[in-house]
Amino acid sequence: NQLSCPEFNVYGVSFPSVPGVVNGFNRDIAWGPTNGSTDAIDYYEIEFSDSTSLRYKDGAHWLEAKVFDEAVGGEVVRVLWSKWGPVLYREGRYGLVVNWTGQRASNELAVLRSLYSGKSARACMQSLGAWQVPIQNFVCADQDHIGMMHAGFIAQRNLGEGRFISTPEQTASALTQPVAGASQPRAYDPPVGFLRSANQRIMGPSYPYYMGWNYEEPFRARSIRKQLESKDKLSSADLIALQSDSYSAEAEFILPSLLKSLQVDALTPEQKQRVLELAKWDFRIRAQEVLPTIYKQWYRTLREELFSDEISLVEKSDFGPKDARVAEILRRVSANAADPDAEWVDDLRTKERETLPEVVTRAFQ
């Protein structure tokens, strides 16, 4: 969309129902977001006085839940609200409440409107200081400067806070105290000369506040960094090529450990031929090639072998370790069979103690 009037002239991407340009540029600056992925939701178990009452416990006090009738899909739905948020589910005297930073009033449209008239990357970042929800990694650029901000309401949280269902009393912050402005993650004109975001974790372990766990894997961000570091100056054609790059940094990290642990003597001639091809693969995912599919299915089968005995839930993909963690397990155990991470290799459902070569080979077959 393009919005042009005497006050501003802006061009870019809009979302249905959002009256404004969320990702775009004017004559002086450009801006664009990716998902920030920092955790902004807590789930609480609350206790009602009985199975039908609206009175629920808040520490030593009792409060009354508010009731709203909302029209959803042609039906009227009764919604209960506690002081922390709506009751998603109730069973007898207990209810599951969601506390989300997006349940509070905020004014993101005013932030966008401010961006339309922005004259510099620094002014762009100043405007984004008022952004609340959803948490986004916003990049800002003018002709001479670049900046990035992890924009949104980031709560002061302790390690692990909000990861599991708790009671409100067990939550120190209840998502009420934002990090101070100076502590909000941001970067401006970094010495390396570029900024990047691929929804990965953006702060290291020294950052004083817990930001969650459910970030994207680091592989795509590492691949982008590698390409941006490959030249002193990049053209628009280089950046277009980067957007469609098919290189798998995940395969680059994981496949060497798989090949190192594979018991080649146990394979058929056809399987051995595929191993030779995988050893020469350039880690690019091409639609016309079978090697990427062999690698990915091999790795998925291996993950199942490694963790199905420890994780019996249907939603294994949501609760299993990240691929970056699995890559580290494979790297360590392939180098040292006595590494403590070898405990993951053993199948707890069998009497025998499995080794990594056995499990890797079985997965490949």
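These notebook entries record what I looked up in the predicted model shown above.

**Entry 1: Ground rules**

I worked with a predicted model, in which local features need pLDDT of at least 70 and side-chain atom pairs count only at pLDDT 80 or more, while totals for chains, interfaces and linings use all residues. Residues are numbered from 1 along each chain as its sequence is written, and side-chain values use heavy atoms, with hydrogens and water left out.

**Entry 2: Cysteines**

I began with disulfides (pairs of cysteine sulfur atoms within 2.5 Å). In general, such a link is a covalent bond between the sulfur atoms of two cysteines. How many disulfides does a search of the whole structure find? The search finds 1. I noted that this disulfide joins Cys124 to Cys140, with an S to S distance of 2.1 Å.

I then placed both residues, using helices (H or I, at least four residues) and strands (E, at least two), which are DSSP runs numbered from the N terminus. Cys124 lies in helix 2 (residues 121–128) and Cys140 in strand 12 (residues 136–141), so the pair ties together parts that are 16 residues apart in sequence. The torsion about the S-S bond is about -60°, so I recorded the disulfide as left-handed.

Cys5, by contrast, is partly exposed, with a relative accessible area of 30%.

**Entry 3: Helix 1 and helix 2**

I next examined how helix 2 packs against helix 1 (residues 108–116). Their angle is about 170°, and their axes are 9 Å apart. Axes are lines fitted to C-alpha atoms, for helices over the stretch in contact, and angles run from 0 to 180 degrees between N-to-C directions. The two helices are therefore roughly antiparallel to each other (the class for angles over 145 degrees).

In the contact (heavy atoms within 4.5 Å), Val111, Ser114 and Leu115 of helix 1 meet Cys124, Ser127 and Leu128 of helix 2. I sorted the contact residues into 4 nonpolar, 2 polar and no charged. Nonpolar covers Ala, Val, Leu, Ile, Met, Phe, Trp, Tyr, Cys and Pro, charged covers Asp, Glu, Lys and Arg, and the others, Gly among them, are polar.

**Entry 4: Strands**

I counted two strands as paired if DSSP finds at least two bridges between them. Which order does the open sheet of 3 strands have? The order is 5-11-10, with antiparallel pairing. Strand 5 (41–47) and strand 10 (87–91) stand at the edges with a single partner strand each, so one side of each is left without a neighbour in the sheet. Neighbouring strands of this sheet are turned by 20° against each other on average, direction ignored. Strand 5 pairs with strand 11 (residues 94–100) over 7 bridges, and Ile41 stands opposite Trp100.

Note on methods:
Buried means under 20% relative accessible area, exposed over 50%, partly exposed in between (1.4 Å probe, protein chains only). Angles under 35 degrees count as roughly parallel, over 145 as roughly antiparallel, 65 to 115 as roughly perpendicular and the rest as oblique.
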